[in-house]
Amino acid sequence: MLEIRNLHVAVDGAPILKGIDLTVKPGEVHAIMGPNGSGKSTLAYILAGRDGYRVTEGEVRYGGRDLLALAAEERARAGVFLAFQYPVEIPGVANIYLLKVAINAARRHRGEPELDAMDILLRVRSKLKLMDMDESLLYRAVNESFSGGEKKRNEILQMAVLEPKLAILDEADSGLDIDALKAVARGINAQRDPGRAMILVTHYQRLLQLVVPDRVHVLAQGCIARSGGWELAAELERTGYGGITGREGGEEARP
Amino acid sequence: MNAPVHHAVEYYLGEFSRLAPALPGQHLPWLRRAREAAMERFARLGFPGRRDEEWKYTPLAAIEKPHFALVPSAPGSVAAEQVEGFALAGTHLLVFVNGRFEPGLSRPEKLPAGATVVSLREALEGDAGELAARLGRVPENVTPFAALNQAFMTDGAYLRLAPGTKLLKPIQLLFLASQPNLAIQPRILVLAEEGSAATLIEHHAAIGDIGYFTNGVTEIVACPGAAIEHHKLQQESRRAFHVAAVVAEQDRDSRLASTSFALGAALARVDIAIGLQGEGAACTLDGLYVAVGRQHLDHHTRIDHLKPRCRSRELYKGILSGAARAVFNGKVIVHPDAQQSDAFQSNHNLLLSENAEVDTKPQLEIFADDVKCGHGATVGQLDEDQLFYLRSRGVDGGTARAVLTMAFARESVDRVGIPALQKRLDQLLPALLPRESEGQT
Ligand SMILES: Nc1ncnc2c1ncn2[C@@H]1O[C@H](COP(=O)(O)OP(=O)(O)OP(=O)(O)O)[C@@H](O)[C@H]1O
Ligand SMILES: [Mg+2]
């Protein structure tokens with residue numbers, strides 16, 4: 001589904017990603033861990049199509065297509081979804097309205113008739129329940145004055161509603177209390193599907209105990225320093241990043 | 001052909017001596033004198049020039065040059081179906097065509113005892129004694145345009161509320177222009193006596209893509225405890241000129257909510273002047289201007305805090321694209337007596353193109369010491385992070401920009417507590433947003 005080959009990315013002339021290789025097959029869940037500033041969000045943004053990055057080398061193929069040639073919205077319509085590490089607040093746009101324009105953008109793209117507000121609400125209600133979210137959040141402005149936990153739940157809600165093929169979740173678990181973490185994990189697990197791939201960026205083994213990944217990668221200084229199975233996450237929890245990056249322990253991993 | 005400035009004044013003077021005898025209410029000596037005094041004042045002042053600090057950003061040449069006709073050629077050229085496109089549901093509707101009241105197109109519903117709503121012509125053709133105090137004088141501080149309106153005013157609306165009278169439904173005053181090259185001088189007077197309440201929607205629009213000049217004056221007198229809302233929806237033809245003054249005097253504990261939606265006209269300028277003349281009076285002035293192409297939309301507001309414990313709030317927002325221009329000039333003057341004044345003013349602008357330009361000038365002049373006053377002004381572009389967030393959800397760039405632009409306008413629309421007007425604005429605004437190519441910055 002996703003093939004990243006020798007990807008080099010620079011921001012403002014400074015190299016951030018320095019040769020990433022990663023292959024994710026349908027149905028797989030990959031975890032990406034790594035110290036602060038190692039380039040995890042940069043990788044997530046590059047896949048989602050954010051402006052401001054320069055790919056200096058390498059390529060990314062998605063379902064056989066050149067992913068980097070597509071605009072952000074085209075990627076989304078082709079099934080790529082990014083849950084933001086820092087979800088953006090949009091005053092003046094109701095959460096339910098965002099869901100409506102997003103769903104209808106995808107439907108228009110597929111040549112399906114657009115849904116009205118009532119259809120959208122019916123679709124969203126069951127997912128709200130899954131995420132243990134109050135319906136009132138739908139009528140508030142997107143992420144505006146949402147608590148940290150509500151923002152993260154809201155990202156997973158959007159994923160659940162949009163049903164992407166490739167979901168990249170950038171620290172969906174940071175800043176969550178225990179109940180919220182469970183809700184987010186429930187939302188992610190409900191989306192696990194043989195046809196769907198996921199990349200979980202996380203600092204914590206906690207999430208990976210609830211959403212067990214197929215592969216775990218450690219990103220350090222712009223490269224994948226190590227890859228392994230679930231046990232790699234457990235090892236990192238004990239040893240920190242020091243042993244892997246060759247540095248004197250990683251920075252304290254805090255969101 | 002560059003006519004010198006005084007030609008315009010001579011033209012209006014000539015028209016005045018020709019038309020004055022037939023203007024309504026000329027049997028009233030006080031009104032005759034008031035019209036003459038106003039005409040003299042206009043002749044003395046002439047059109048404000050670029051050297052006039054208050055007018056230097058407003059390009060008036062286009063209004064000055066044409067010899068607009070002051071009398072429409074034939075009344076009633078608008079059909080009932082055409083009115084339907086502008087009528088708002090749930091209002092007392094009064095329709096004016098080319099400045100003249102059209103009873104056949106209007107549908108005022110039954111008003112409570114104590115409320116009088118009549119056309120100005122009708123009011124002036126009666127004994128009109130109670131109007132003398134208001135229409136009989138030419139305040140010194142009015143603009144030359146207000147003086148011109150005073151001289152030529154022919155029709156409009158007179159709303160009087162007896163003490164305690166409250167209107168449940170808004171009154172919609174719909175001014176439709178259908179004849180090109182006309183100068184229309186609508187005049188609205190609201191006398192709200194103690195404890196009364198009413199909502200007025202002043203709506204200006206055109207049938208067809210015609211050029212004309214609307215020069216309106218709206219006066220509001222709010223007696224103690226009265227609560228008046230005045231919502232102005234300006235959707236004149238894109239070739240028209242619109243100049244208007246809204247003047248309010250507020251007595252003790254009165255409330256005024258004013259909004260100004262400026263969407264149409266080639267050039268529009270609204271001057272709003274509020275006098276908070278009684279203790280505890282409060283006003284809210286809100287506005288939204290959406291200027292496209294080469295449109296020029298100005299708002300100049302002035303709030304005088306004259307007595308203690310008055311409150312004023314002001315939020316104006318602007319959306320500009322193409323090579324549009326806008327001016328927001330907001331003056332708040334806190335006079336020496338006005339202790340414990342509470343005034344806050346803000347103006348936020350969204351520029352959707354590199355060639356659009358806005359001049360924003362909040363001015364606070366404070367002559368009392370125990371006051372709470374503030375202001376804020378911003379000029380910015382759409383937020384890149386918000387755009388990316390929407391695009392990452394599959395929304396194309398053009399739609400994302402439109403969604404965010406509407407979101408910027410949302411606050412102003414939401415502040416109007418009239419569902420029918422909100423709905424109308426939600427229909428009108430998207431059509432004014434730039435297409436993909438124009439919107440790029
Ligand atoms: N727009 C930018 N301009 C300059 N430097 C940038 C920019 N974006 C990212 N960087 C730098 O790139 C590096 C990688 O940042 P990135 O956000 O990808 O890290 P991360 O692995 O997600 O970190 P964290 O765990 O703290 O979220 C950092 O050193 C960051 O400062
Ligand atoms: Mg990050």
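Reply: Start with the ligand. Ligand 1 is surrounded by 14 residues, and the closest are A:I16, A:G37, A:K40, A:S41 and A:T42. A residue counts as near if one of its heavy atoms lies within 4 Å. This is a predicted model: local features need pLDDT of at least 70, side-chain atom pairs count only at pLDDT 80 or more, and totals for chains, interfaces and linings use all residues. Residues are numbered from 1 along each chain as its sequence is written, chains are lettered from A and ligands numbered from 1 in the order written, and side-chain values use heavy atoms, with hydrogens and water left out.

Me: Which side chain has an N or O atom 2.8 Å from an oxygen atom of ligand 1?

Reply: Look for polar contacts, pairs of N or O atoms within 3.5 Å. The side chain of A:S41 has such an atom 2.8 Å from a ligand 1 oxygen. For the side chain of A:N36, the distance to a ligand 1 oxygen is 2.9 Å. A:G39 uses a backbone N or O atom, 3.0 Å from an oxygen of ligand 1.

Me: How do I read the sheet? What is the order of its strands?

Reply: Strands are DSSP runs of E, at least two residues long, and helices are runs of H or I, at least four, numbered from the N terminus. Two strands pair if DSSP finds at least two bridges between them. In chain A, four strands form an open sheet in the order 2-1-4-5, with antiparallel pairing. Strand 2 (14-24) and strand 5 (65-66) of chain A are the edges; each has a single partner strand, so one side of each lacks a neighbour in the sheet.

Me: How many bridges join strand 1 and strand 4 of chain A?

Reply: Seven, in the antiparallel sense, between residues 2-11 and residues 54-62. A:V9 has A:V55 as its bridge partner, and A:R5 stands opposite A:E59. Strand 1 and strand 2 of chain A pair over eight bridges. They form a hairpin with two residues between them, and A:D12 in the turn has a positive phi of about 50°.

Me: And packed helices?

Reply: Two packed helices are described by the angle between their axes and the distance between the axes. Helix 3 (95-109) and helix 4 (117-130) of chain A pack at about 100°, with axes 10 Å apart. That makes these chain A helices, helix 3 and helix 4, roughly perpendicular (65 to 115 degrees; axes are lines fitted to C-alpha atoms over the stretch in contact, and angles run from 0 to 180 degrees between N-to-C directions).

Terms used:
Angles under 35 degrees count as roughly parallel, over 145 as roughly antiparallel, 65 to 115 as roughly perpendicular and the rest as oblique. A polar contact is a pair of N or O atoms within 3.5 Å; within protein, one must be able to donate a hydrogen and the other to accept it, and residues adjacent in sequence count only if both atoms are side-chain atoms.
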